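Keep the 3D view open.

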Amino acid sequence: MSVFLVCVALLVATGILAYHRASLTLFTAALAGVLLIGTFSDIVGFWSWLVFLIVALPLNIASVRQQHLTKPLLALYRKIMPEMSTTEKEAIDAGTTWWEGDLFRGNPDWHKMHNFPQPRLSAEEQAFLDGPVEELLAMTDDWHTTHERADLAPEVYQYLKDHGFFAMIIKKEYGGLEFSAYAQSCVLQKLTSKSMVLSSIVGVPNSLGPGELLQHYGTDEQKNYYLPRLAKGIDVPCFALTSPEAGSDAGAIPDVGIVCKGQWQGEEVLGLKLTWNKRYITLAPIATVLGLAFKLYDPDHLLSEEEDRGITCALIPADTPGVKIGRRHFPLNVPFQNGPTQGEEVFVPISYIIGGPEMAGQGWRMLVECLSVGRAITLPSNSTGGIKAAALSTGAYARIRRQFKLPVGKMEGVEEAMARIGGYAYMADASTSMSVGAIDLGEKPSVVSAITKYHMTERMRTAINDAMDVHGGKGICMGPNNYLARGYQGAPVAITVEGANILTRNMIIYGQGAIRCHPYVLAELQAAQLTDEGAAVTAFDKALFGHIGFAISNFFRTFWLSLTGGAFSHSPYNDDTARYYKQMNRFSAALALMSDVAMGTLGGDLKRRERISARLGDILSMLYITSSVLKRYQDEGRQVQDLPLVKWACEDNMAKAQLALTELFDNFPNRVIGIVLKRIVFPFGRTLRKPSDMLDHQVSRIMMTPCEARNRLGKHLYLTVEPGNQLGRVEQALLDVLAAEPLFDKVSKASGKRLPFFKLHEVADIGLELGVINKQEADKLRKAEDSRLFVINVDDFEPDYLAADKTLTQQPNGAEALKAESKKQTKTAAA
């Protein structure tokens, strides 16, 4: 029995030390202490000490450990280490590791997260939102843009150029606005709330494109010439990366540039002969300067002895002879300027390479570094603006629209859909703000940008589908007063660009995250690549044994946190949010453990096990998004009114994380490991649940009721009440109808019967006749009726108006011919 107690003491001591990630020295000393106590108690004898010393001494003497353990393990590691292509290495090296690294390592520091400064607008940025952005939106007619012109009006383009909308990222020294990433995000959200075409056209030049590349990598001559022109709108940029043969696999582009000599402006110069065929290029049809990515070859060694120089980026004026540009794609009836470009052996000077000849072959590194920033801004911001607009408009519509004498938003089935929209709106704003805030802190968060891009575009797709379900016929009938349909049509566009979402989820998020965020894996890879054997063994020894201790710690942390449900782990607050911090502690440890298990058992095959990688990435993503929700709640002063939104978002995310872990265990290639780990992580089964019906009810009530929580949900949207702004008019209609309801009830009571809630102008007349309301109150009822009809009515048109080719309207109409034939057959049958 005494020996059993010593064994238990050793196990407990090991577990406590591992949980707190004690050093090897402290581990050794603590275990020696337990043995010493056992010795004094006549429980531990010679053989126990001998075994302990045989294990402990080699591990604690660095020279012995490195020679007899680390060196052989390094040789084995080099044999089984998965090969990485140059593009993979550059993608992993691009960007920085930020908060996602803490989440990946199993022990997040919540005080560190809450100490990140809250993103804020400067006075200049706020003035831009309140001034030029409002003016731009007031002059934009989205129906005219999308249906009648299939393009922005010329005066809108001119306004964009004159007021620096294409120059938000360009530094002031070159004439740009030099806005923060957060300000860019707020501008794009506001633009999206009225016009996806507008936000797409503004977003691209301020994301991955010539302006961004020039500022980071351009020569002084290139910067001084192009950046002022881009800032003033003299030049309109596009960036051509995607090819018919290489979409998400951008590293496989077939477009080529050959270093050669040729004639340029009457002189023989060193240059490039370029051949390309690109598609899906936003702004290409109207661009005056083309950023081009291609593979550079130097067969005559005119630049160096290296023939295959790799991916390179160059800046080509669109009027260069041989450049084909101007044709358009038509992406799902959301006609932002997007099209193909081609060139066949187009000769340009070598100085057209962005950064000059010295940057030849550096294009992929340039692209992935810039994408690690741009991917976190444009698409997540556009998606967030779309979700928030759907939340406000759906909440207002569901409160105004009645069926079965009840606002449809009070029906439980509708509440379920509405809660998703509201919860996603809150978490999207939180996630996007936290991510762009990281950029403003100087980070280039490549993993975070992939998480934000994927999950915000996916949630936008779900939210707009839910909004269409709630709106029903109002949503599906296109016209000037439809505020949902273009977003519904355009949702798949965001899914496909800047890395298709299937690729992003299955390969990018965890593929980069596992190596970048893990505290030891990248160090092991780098150590194995060292040519100095002594340095390699020393570096590998440090990384390897750090990794072993890390894995042991995560095992004990996961076991304890799972056994207790995280109840005794740290939370920075002891309120309703405490359980979410504790659940994330638990899932963070489980993610770290499962990452080591997956990498240890699958090795290089993990790259091909995309669904394993995807589920691990889902856990990391849910932890990050939930973190951003809690940070937003903290940054906004822990407003109790927002708690239903906070709880809904956290519970939805953590339920998804639990599902991802469950599916990971159930589909793990080694079934024994999967079953054992499932029992460790879920000793009592799955205990987390999706948001409850009551929580759905509370969120939907916020969406339908004007209040501060609802205002925060819709911040940075274009809500000005004017004839051309449907979102603003719907918001006003909500206020009008709510103001009319007490008056309606008063008239109904006085009349002795329950009147139907329509034809409110007639209700006003009845109320005046009965003397229970005054003229001002009657006017409120009449105004509410006008607003109510605006919300529930849909557009209709003369048949000829909908013909795209107006010349065909002069020809016999098929529908009229069918109607005439039907009448003829009816008369014949009657006769």
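Cys650 is buried, at 0% relative accessibility. The model is a predicted one. Which cysteine sulfur is closest to that of Cys650? It is the sulfur of Cys707, 19 Å away. That is too far for a bond, because a disulfide needs the two sulfur atoms within 2.5 Å. Cys186 is buried as well, with a relative accessible area of 0%. The structure as a whole holds zero disulfides.

Turn to the aromatic rings. A pair of aromatic rings is described by the distance of the centres and the angle of the planes. How many aromatic pairs does a search of the whole structure find? The count is 20. One of them joins Trp143 and Phe797. Their rings are stacked, with 5.8 Å from centre to centre and 15° between the planes. This pair links distant parts of the chain, since its members lie 654 residues apart. Trp143 belongs to helix H9, residues 142-149. Phe797 sits in the loop between helix H32 (775-792) and helix H33 (814-830). Their accessibilities fall into separate classes. Trp143 is buried, at 8% relative accessibility, because buried means under 20%. Phe797 is partly exposed, at 27%.

Phe555 and Phe556 make another aromatic pair, and this one is edge-to-face. Here the centres are 5.5 Å apart and the planes stand at 90°. Phe555 is partly exposed, at 34% relative accessibility.

Aromatic residues also gather in a group. Trp98, Trp99, Trp110, Phe116, Tyr573 and Tyr581 form one aromatic cluster.

Two arginines lie over phenylalanine faces. Arg402 is placed over the face of Phe757, 4.1 Å from the ring centre. Arg586 takes up such a position over Phe587, at 5.5 Å from the ring centre.

Finish with the strands. Strand S4 covers residues 289-297 and runs antiparallel to S5. Nine bridges join the two. Is strand S5 mostly covered or mostly open? Strand S5, residues 308-317, is mostly covered, with eight of its ten residues buried.

How values were computed
Residues are numbered from 1 along each chain as its sequence is written. This is a predicted model: local features need pLDDT of at least 70, side-chain atom pairs count only at pLDDT 80 or more; totals for chains, interfaces and linings use all residues. Side-chain values use heavy atoms; hydrogens and water are left out. Buried means under 20% relative accessible area, exposed over 50%, partly exposed in between (1.4 Å probe, protein chains only). Rings of Phe, Tyr and Trp (its six-membered ring) pair if their centres lie within 6.5 Å; planes under 30 degrees apart count as stacked, over 60 as edge-to-face and the rest as tilted. Helices (H or I, at least four residues) and strands (E, at least two) are DSSP runs, numbered from the N terminus. A charge sits over a ring if NZ of Lys or CZ of Arg is within 6 Å of the ring centre and within 35 degrees of the ring normal. Two strands pair if DSSP finds at least two bridges between them.
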